[in-house]
Amino acid sequence: MKNLSMMEAIREAMTKKMREDPTVFIMGEDVGAFGGCFGVTAGMFDEFGAERVRDTPISEGVIIGCAVGAAATGTRPIAELMFIDFVTVGADQLVNQAAKMRYMVGGKIKLPMVVRLPLGAGTRAAAQHSQSLEAWLAHIPGLKVVYPSCPNDAYGLMLKAIEDDNPVVFLEHKILYGVRGEVDENAKPIEFGKADIKREGKDLTVAATGRMVHEALKTAEELSKDGIEIEVFDPRTLFPFDKETLFKSIEKTNKLLIVSEENKRGSFAGEISAMVAEECFDNLDAPIKRLCAVNSPVPFSPVLEDYYVPNAEDIVKAVTTMF
Amino acid sequence: MARIIVMPKLGLTMKNGKIIKWHKKENEEVKNGDKLFSIETDKLTNDVIADEDGVLLKIIEDEGKTVDCLKPVAIIGKAGEDISNLLGNAKTESPQEEKSNEKIEKPVEATAKTDEKIKISPVAKKMALENKIDYTKIKGTGPNGRIVLEDIERELENRKKIRMTPTAKVVAEELGLDAGSIDKKERIDKEDVLRLSANKAYDNLVHPVEKRIPMSTMRKVISERMTQSAFTAPTVNYTISVDMTKLNDIKEEISNDYKITYTDLIVKITSVLLLDFPLLNSTLIEDEIITRNYVNMGVAVALEEGLLVPVVKNSHIKSLKQISLEIKDLTYRAKTNQLTTDELENGTFTITNIGKFGIESFTPIINQPQSAILGINAIIDKPIVKNGQIIVLPIMNLSLTADHRTVDGAVAAMFLQELKKALENPFAKLVR
């Protein structure tokens with residue numbers, strides 16, 4: 001067991017895999033000598049050299065496109081974009097090439113690649129560097145979407161992402177990079193499609209991802225004082241999605257609140273809500289509620305940005321309307 | 001040239017028919033001789049057969065509709081033919097259709113009124129239904145007055161609160177019984193629990209199951225007509241025993257030539273005799289008694305799902321062989337659902353034979369609007385005292401039910417006496 005920050009956990013996992021497998025390599029803007037925009041790859045350049053920790057031009061299309069080619073020809077690339085917002089620039093490579101290629105050649109190639117996408121608001125980075133675009137990516141057949149909320153999950157899921165023979169989108173919330181936690185570096189990789197109940201409770205299920213898991217856990221402590229025990233469900237992977245665990249939780253609590261940092265309109269929160277309404281309707285005792293960011297670009301003003309992102313206080317308010 | 005197909009009139013008294021099945025779809029080709037549709041009347045079911053080639057252009061009356069005789073039910077013509085003209089006619093000719101539309105609309109309105117929206121969560125609703133709780137009477141405590149799980153659980157909890165004696169409680173627990181299922185206002189005691197236990201054990205043993213079977217049209221008709229008869233006619237039942245020795249011999253003898261039954265023989269003899277007893281062959285309508293100089297003999301035929309009474313018309317003048325062949329034919333066609341309504345109508349008297357089941361006497365119900373019905377029983381060898389000697393003879397009882405409004409006791413008795421004589425010495429009547 002090691003006490004690691006989430007950033008360190010991701011680095012440890014990548015390092016472990018690179019030591020084990022010479023075909024694993026990293027590429028991205030400033031991932032080399034500089035150690036990455038947020039410092040995730042710090043020190044890896046020294047250990048693995050410029051061949052395996054490669055700096056790229058400032059072109060997301062090139063980064064993802066090269067990863068597709070490298071993966072198709074037998075290596076296991078890990079591509080890092082500075083911000084998920086820039087995935088729009090590399091979207092053709094990711095959506096039309098990476099996601100489709102294995103399918104279109106009838107499975108004759110493998111496409112083992114990881115695209116690491118830092119996301120989320122709260123860093124005063126304004127509208128073009130703060131979005132949560134997971135719904136776009138989860139919408140595309142052919143992409144697996146991983147979204148850890150704590151160091152241990154990040155470690156186990158990164159191991160699995162590198163081992164997977166398909167394109168995996170790995171979402172890293174910037175605010176969570178510094179969050180520390182116990183990591184079992186000898187643990188097995190975490191299977192995709194296995195959710196984690198971060199807290200057990202009997203009165204209401206909160207489904208949350210990324211940073212919102214932490215806000216939900218804060219809320220849980222708060223509400224517990226009032227005698228309301230909420231269960232915090234963290235899917236960990238958006239696709240594949242662990243419906244079974246979510247439905248089991250709702251069978252127990254009969255209430256579902258989905259908390260997400262996305263803009264509410266067209267969000268993955270809506271997808272979760274639809275799944276439950278379609279397949280778990282009979283177990284609901286209250287309308288499903290979604291608590292998301294407001295439908296606006298992420299504001300630059302710190303006051304407005306704090307207002308924009310749901311927090312523990314907002315969750316308490318939302319929960320109390322459901323009883 | 002397209003033409004309208006109408007609901008046929010299959011008998012003089014047929015007023016309407018229910019379409020129970022269309023054998024052809026709209027725009028399907030129809031050949032002369034194909035089954036078009038099946039209809040059900042108050043007497044029987046029948047198939048309507050196409051009498052020319054063409055295409056079924058339009059079905060005007062759907063399955064399940066009851067249509068007056070000679071009203072349009074469909075249009076047959078050449079493919080693609082313009083039938084708007086005919087359709088217009090069909091509409092104006094068929095006020096029935098509009099009426100039935102009204103009928104359909106009404107219940108919809110009624111349900112819309114009673115179906116007030118009740119706010120209830122899905123899980124609460126499910127639980128309420130599972131536990132047979134009428135949630136419309138529960139006040140919701142959730143947001144916006146919605147009935148939530150807690151409300152249903154509270155209701156269930158209330159149900160469970162039952163008053164019982166300590167001994168009863170112990171006994172119920174020991175037996176693993178839910179005393180909540182005991183319906184009692186006073187305090188439940190040990191006896192109640194033991195009774196519940198005994199009943200449960202008994203239920204487990206017998207698995208009682210009840211089924212509800214909708215009545216067929218035939219059953220409904222039988223039910224209506226028997227009830228009507230029983231409540232209309234003040235009846236008297238008469239029984240007489242007949243020595244069947246000679247009739248038996250005749251039957252044996254004729255059977256060497258062609259197969260004949262006791263029913264055939266009795267129909268023949270009774271038909272002839274009825275001319276001498278016009279009241280037994282009569283019909284009472286309001287304050288008039290209609291008598292006849294002919295006999296139409298109804299012969300009851302048991303079917304799997306009911307019974308039919310086809311009629312041998314003018315049986316008083318038909319030869320024994322004619323009667324025998326006709327009864328055989330009618331029976332066969334009754335059992336295969338091929339009778340026409342005319343063959344079921346205008347009977348003036350009925351004979352029903354249940355002798356083959358060993359019955360010795362019964363009281364048949366008159367087939368209205370007739371005045372009497374003759375039941376035939378089993379022929380059984382019995383010891384009879386004759387001239388001071390006990391001898392064994394084949395004896396058959398006749399069971400006559402007569403309507404006292406038209407047939408007095410003496411008349412019925414005389415008829416039976418004469419019938420007994422005629423059956424015991426049958427030649428005179430048989431050769432008529």
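I take two strands as paired if DSSP finds at least two bridges between them. The model I am reading is predicted.

**Chain A, the sheet**

I began with strands 6 and 7 of chain A. Strand 6 (residues 144–146) and strand 7 (residues 168–173) are joined by 3 bridges and run parallel. I looked up one of the partners: K144(A) is bridged to V168(A) in strand 7 of chain A.

Next I traced the sheet in chain A. It is open and has 7 strands, in the order 3-2-4-5-7-6-12, with mixed pairing. Strand 3 (53–55) and strand 12 (237–239) of chain A are the edge strands, each pairing on one side only.

**Chain A, helix 6**

I checked the length of this helix. Helix 6 (residues 151–163) of chain A has 13 residues, which at 1.5 Å a residue should span 18 Å. The end C-alpha atoms are 19 Å apart, so the two values agree.

Then I checked burial. Helix 6 of chain A is mostly covered, with 12 of its 13 residues buried. Among the buried ones are P151(A), D153(A), Y155(A) and K160(A).

**Chain A, overall**

I logged 11 helices and 14 strands for chain A. The chain has 323 residues, and 51% of them are buried. I also took the contacts in chain A between residues at least 6 apart in sequence: 78% of these join residues at least 24 apart.

**Where chain B touches chain A**

I counted 9 residues of chain B in contact with 8 residues of chain A. On the chain B side, helix 3 (residues 122–130) gives the most, with 4 residues. The residues on that side divide into 6 nonpolar, 2 polar and 1 charged.

**Chain B, helix 10**

Helix 10 (residues 320–335) of chain B has 16 residues and reaches 22 Å from first C-alpha to last, close to the 22 Å expected. The buried residues in helix 10 of chain B are L320(B), I323(B), S324(B), E326(B), I327(B), L330(B) and A334(B). Why do they line one face? Seen down the axis of helix 10 of chain B, the buried residues fall within an arc of 170°, so they line one face of the helix.

What covers them? I found that the cover includes helix 9 (262–274), strand 13 (301–303) and helix 12 (427–430) of chain B. After helix 10 of chain B comes N337(B), with a positive phi near 60°.

**Chain B, strands 9, 17 and 18**

I followed strand 18 (residues 389–403) of chain B to two partners. Strand 9 (residues 235–243) of chain B is joined to strand 18 by 9 bridges, and the two run antiparallel. T235(B) stands opposite D403(B). Strand 17 of chain B is joined to strand 18 by 13 bridges, also antiparallel. Here I384(B) has I391(B) as its bridge partner.

Strands 17 and 18 of chain B form a hairpin with 2 residues between them. In the turn, N387(B) has a positive phi of about 50°.

**Chain B, K356(B)**

Last, I looked at a loop residue. K356(B) lies between strand 16 (349–353) and strand 17 (372–386) of chain B. The C-alpha atoms of K356(B) and N377(B) are separated by 7.6 Å, with the two residues 21 apart along the chain.

How values were computed
Residues numbered from 1 in each chain as written. Chains lettered and ligands numbered in written order. Predicted model: local features only at pLDDT ≥ 70, side-chain atom pairs only at ≥ 80, totals over all residues. Contact = placed C-beta atoms within 7 Å. Nonpolar A, V, L, I, M, F, W, Y, C, P; charged D, E, K, R; others polar. Expected span 1.5 Å × (residues − 1). Buried ≥ 20, exposed ≤ 12 C-beta atoms within 10 Å, placed from the backbone. Arc of directions from axis to C-beta.
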